[in-house]
Amino acid sequence: MAGRGHGPDFVEALARGLDVLRVFSADRPVLSLSEVAGAAELARPTARRLLLTLEELGYVAAADGGYRLTPKVLSLGMAYIGSLGLWDIARPHLEALVARTGESSSMAQLDGSDIVYVARVAVPKLITLRVEIGTRFPAVQTSQGKVLLAALDGDDLAAALTEPSRSGLPRYIGRTAEQLHDELAEVRARGWALADEELAPGVRSVAVPVRDGTGTVRAAANVTVHAAETGRETLLEEHLPLLLRTAGEISGEWAAWQRRPHSTVQRATSVSVAT
């Protein structure tokens, strides 16, 4: 994994440390030193030093003869989400949407060829996939991913599609590259995307873009249903209009939040008074 940087300021040790964090997953929550070294393509002594450093910093902990991530890792992603102001803004709108539809709703952003969930309000349903904040799925197999990919220009889209997925799911072969580009063009034109049991059997969803203050698509919001319970007609004719309204409200409030005035607080200078 490491060794990808070419710039004069690239810090190899930092890249390797991040590689170590990325080898853990829901399927592999606890890894031995040898497993970490192999997965991160590192020499065993290097992997050991990185793990011990991450343990001292509180990002990993010893467990069952190996290592596991700690909740402190969440602070890395939540700092990003918090800086956007997106979750605090989206939460009440997603909760209201879920109350009206009775279905789960999420928001995700694009990371390479994957989507990463940054917000979610769920209802108890027999959905075959476990989704939580930080969950990663291949973008081309999800409604949110299609919305986010459709917003990219030609070069950025090509770069995203050539990057390997880090979701751990097998490569999707349900369409050709030409069919995918045609679908993304349609998504771009109509403003929403559908994924009908492409990610997993029984999972059907529709997604729309969420924009920042410049009008740039920065996230996607969706409604997810169980295909056996909710048909495409209900999803598109009843839930989609509510989702479009919700995404518009989130986008509007997010834009206002980004335009808020920033104040600089200066530290008071102590003054000595002669008595």
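How close do the axes of helix α5 and helix α9 come, and at what angle do they cross?

**Entry 1: the helix pair.** I am working from a predicted model, and I began with this pair since two packed helices are described by the angle between their axes and the distance between the axes. For α5 (residues 86-101) and α9 (residues 232-258) I find that the axes come within 9 Å and cross at roughly 160 degrees. Because angles over 145 degrees count as roughly antiparallel, I note α5 as roughly antiparallel to α9. I also looked up the handedness, and α5 passes α9 in a right-handed crossing.

**Entry 2: the residues in that contact.** On the α5 side I listed Leu 86, Ile 89, Ala 90, His 93, Leu 94, Leu 97, Arg 100 and Thr 101, and these meet a set in α9 that includes His 239, Leu 242, Leu 243, Glu 249, Ile 250, Trp 254 and Trp 257. Sorted by class, the contact of α5 with α9 has 10 nonpolar, four polar and four charged residues.

**Entry 3: strand β5 and its partners.** Is β5 (residues 114-121) mostly covered or mostly open? I find it mostly covered, with seven of its eight residues buried. Strand β4 (residues 104-111) pairs with β5 in the antiparallel sense over seven bridges, and within that pairing I located Ser 105 opposite Val 121 of β5. The hairpin of β4 and β5 has two residues between the strands, and there Gly 112 takes a positive phi near 70 degrees. I then followed β5 to strand β6 (residues 136-138), where the pairing is again antiparallel and runs over three bridges, with Ile 115 standing opposite Phe 137 in β6.

Key. Residues are numbered from 1 along each chain as its sequence is written. This is a predicted model: local features need pLDDT of at least 70, side-chain atom pairs count only at pLDDT 80 or more; totals for chains, interfaces and linings use all residues. Side-chain values use heavy atoms; hydrogens and water are left out. Axes are lines fitted to C-alpha atoms, for helices over the stretch in contact, and angles run from 0 to 180 degrees between N-to-C directions. Helices (H or I, at least four residues) and strands (E, at least two) are DSSP runs, numbered from the N terminus. Angles under 35 degrees count as roughly parallel, over 145 as roughly antiparallel, 65 to 115 as roughly perpendicular and the rest as oblique. A crossing is left-handed if the near helix is turned anticlockwise from the far one by less than a right angle, and right-handed if clockwise. Contact means heavy atoms within 4.5 Å. Ala, Val, Leu, Ile, Met, Phe, Trp, Tyr, Cys and Pro count as nonpolar, Asp, Glu, Lys and Arg as charged, and the others, Gly among them, as polar. Buried means under 20% relative accessible area, exposed over 50%, partly exposed in between (1.4 Å probe, protein chains only). Two strands pair if DSSP finds at least two bridges between them.
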